[in-house]
Amino acid sequence: MTRPNCKYCQVVHGNTKVEIVYQDDKLIAYLNQEPASLGHIMLVPKEHHTIFEQVPDAETSKMFTVASKLSAALFDSLNLGGTNMIIANGVAAGQDIPHVAMHIIPRMQQGDNLNFEWKPKQLSEEESSIAEIKLREACANIGGFESTENKVIEHKKEAADKIIDDEDIENYLLKSLNRIP
Amino acid sequence: MAQQQMNQEQAQELQERLSRMSPEELRDYQKQNCIFCHISSGKQQAKKIYEDINCLGVLDINPANAGHVLLLPKEHYAVLPLVPDEILGHLAMVAKAISNVMLKALEAKGTTIFVANGAAAGQKAQHVMLHIIPRDEKDGLNIAIPKYRINDTQLKQIKDKLAPRIKEVLNYAEKKPESEDKKEGKGTRLLPDQTMGFTGAQDTTIPAMMDIKIRPDEGLLENKRKKLEEIGFVERKEIENKPRVIDVEETPEEENSEEEKEDASNDEKEQESEEEEERVPQTTAHKRKPRKKAHEDENDSSQENDDVTENNDDVANNDKKPEEDDGKEESAEKPKSGVDLDVIAKLFG
């Protein structure tokens with residue numbers, strides 16, 4: 001389904017020329033032409049979904065796993081301090097195009113002029129308990145995922161070893177460890 | 001001063017000790033000092049709102065908004081690249097469900113899903129987590145993503161820098177220009193071998209999953225396995241038995257050689273027409289701006305159409321499923337957190 005008014009649908013169908021860095025049958029990732037920082041990637045499901053909740057489970061999973069790998073690739077190739085992954089879902093959250101998209105934003109160790117940190121709100125005990133109760137009640141219905149429910153997924157030692165063998169990531173681990181007092 | 005020096009020495013000592021540790025020890029060390037591990041093991045109290053075998057949702061004690069949820073894997077992972085695909089996928093689905101819950105139960109006008117990966121990105125704890133923040137227009141949160149200008153050559157440079165590593169990590173290589181054009185399902189389709197290329201896939205073998213506490217019947221497992229394969233989780237053995245190098249171009253060409261020719265001629269035409277199309281927007285760009293409002297109106301009026309087509313999507317999805325399932329899974333099928341179309345209308349109305 002192409003939406004003529006949808007910016008991302010135009011990208012998906014090749015009507016807008018962009019630098020595509022990854023694509024498969026469900027997702028497309030390209031370099032944002034109005035980046036927040038150098039290497040800012042947009043990861044977009046090819047199917048037109050207006051909000052995040054409409055994206056099918058399998059696609060959601062894949063979106064995050066691909067995003068994780070893209071940010072690892074960004075991290076290694078651009079000498080970064082980290083990445084932010086942001087999905088703005090709904091106009092109130094700053095979504096400007098009614099097609100789900102994830103921003104993968106490279107962050108430098110210093111001086112990238114970006115700040116996504118928020119000031120903690122001082123909530124009364126009542127306010128937070130109300131939110132807690134409402135959410136807990138509604139979350140009781142969560143389940144029935146398409147693939148990975150009710151499976152104990154154990155940490156694979158080999159996987160960790162393999163990744164940690166990678167020098168960059170080891171440094172990264174140590175670097176970030178040092179920052180914790 | 002003396003104290004600071006002591007601290008520095010201690011820090012050095014710590015650093016040396018850490019560098020001598022094996023990855024396993026390092027992980028254990030982090031785990032002992034990780035507050036979120038204490039939360040998931042119950043040593044530390046927290047306002048839990050969601051819990052399953054693999055992950056935990058708690059309310060943030062320093063919330064950006066009322067109802068700000070942290071979704072974390074129960075197992076300790078210091079940084080995102082260490083999280084296995086399967087867990088991350090599970091987290092993503094739960095995050096989506098929680099986001100949906102926020103729209104309904106908290107009547108949020110939107111949600112922000114935020115991951116800080118690395119200290120420079122604002123990751124404060126050595127435990128991977130997803131932030132899910134309910135949003136309102138006037139909540140005063142400033143998680144806006146700035147837009148800067150960049151020229152095409154810079155973009156190209158960045159892409160060239162990224163390409164080798166992305167190829168390595170995601171096993172993705174860009175197709176040659178001629179196959180890139182509009183031949184959906186032919187040249188651009190990934191061979192099974194490529195979709196399996198996620199590095200985590202080799203570690204999540206299906207036999208390991210069979211040791212589940214609650215054993216589902218065989219048919220159900222088979223279905224799940226099929227679905228996993230669709231996503232890209234596959235037994236490693238199968239991959240290794242296959243020849244590693246597969247020529248992407250050859251097989252489709254043999255089958256579709258006639259079509260290819262047609263496409264080639266079509267492509268030329270398409271390119272021409274594309275060029276024309278590209279020119280047109282430039283000339284009409286000025287006209288478009290004042291008409292923006294009109295476009296918005298169009299959007300509004302097409303909202304209803306959207307809803308209709310979305311319904312169609314759902315129908316189509318439902319149609320597909322029975323083909324794969326043997327009907328057994330239907331019983332296990334979801335109390336699924338469907339999306340109210342009203343909700344969408346509200347968010348984009």
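Q: In what order do the elements of chain A run from the N terminus on?
A: This is a predicted model. In it, chain A runs α-β-β-β-α-β-β-α-α-α from the N terminus. That gives five helices and five strands.

Q: How much of chain A counts as buried?
A: 52% of its 181 residues.

Q: And what share of the contacts in chain A joins residues at least 24 apart?
A: 56%, counting contacts between residues at least 6 apart in sequence.

Q: Left-handed or right-handed crossing?
A: Right-handed.

Q: Which residues meet there?
A: From H2(A), they include A:Val66, A:Leu70, A:Ala73 and A:Asp76. From H5(B), they include B:Leu162, B:Arg165, B:Ile166 and B:Val169. The contact divides into ten nonpolar, one polar and four charged residues.

Q: What's the average pLDDT of chain B?
A: It is 67, and 48% of the residues score at least 70. Among the elements of chain B, strand S5 (residues 130-135) has the highest mean, 94. Helix H8 (residues 206-210) has the lowest, 33.

Q: Where is pLDDT below 50 in chain B?
A: Over residues 177-216, a stretch with 66 contacts beyond near neighbours in sequence. Residues 277-337 also stay under 50, with 31 contacts beyond four places in sequence.

Notes:
Residues are numbered from 1 along each chain as its sequence is written. Chains are lettered from A and ligands numbered from 1 in the order in which they are written. This is a predicted model: local features need pLDDT of at least 70, side-chain atom pairs count only at pLDDT 80 or more; totals for chains, interfaces and linings use all residues. Helices (H or I, at least four residues) and strands (E, at least two) are DSSP runs, numbered from the N terminus. A residue is buried if 20 or more other C-beta atoms lie within 10 Å of its own, exposed if 12 or fewer, and partly exposed in between; C-beta atoms are placed from the backbone. Two residues are in contact if their C-beta atoms, placed from the backbone, lie within 7 Å. A crossing is left-handed if the near helix is turned anticlockwise from the far one by less than a right angle, and right-handed if clockwise. Ala, Val, Leu, Ile, Met, Phe, Trp, Tyr, Cys and Pro count as nonpolar, Asp, Glu, Lys and Arg as charged, and the others, Gly among them, as polar. pLDDT is the predictor's confidence in each residue, from 0 to 100.
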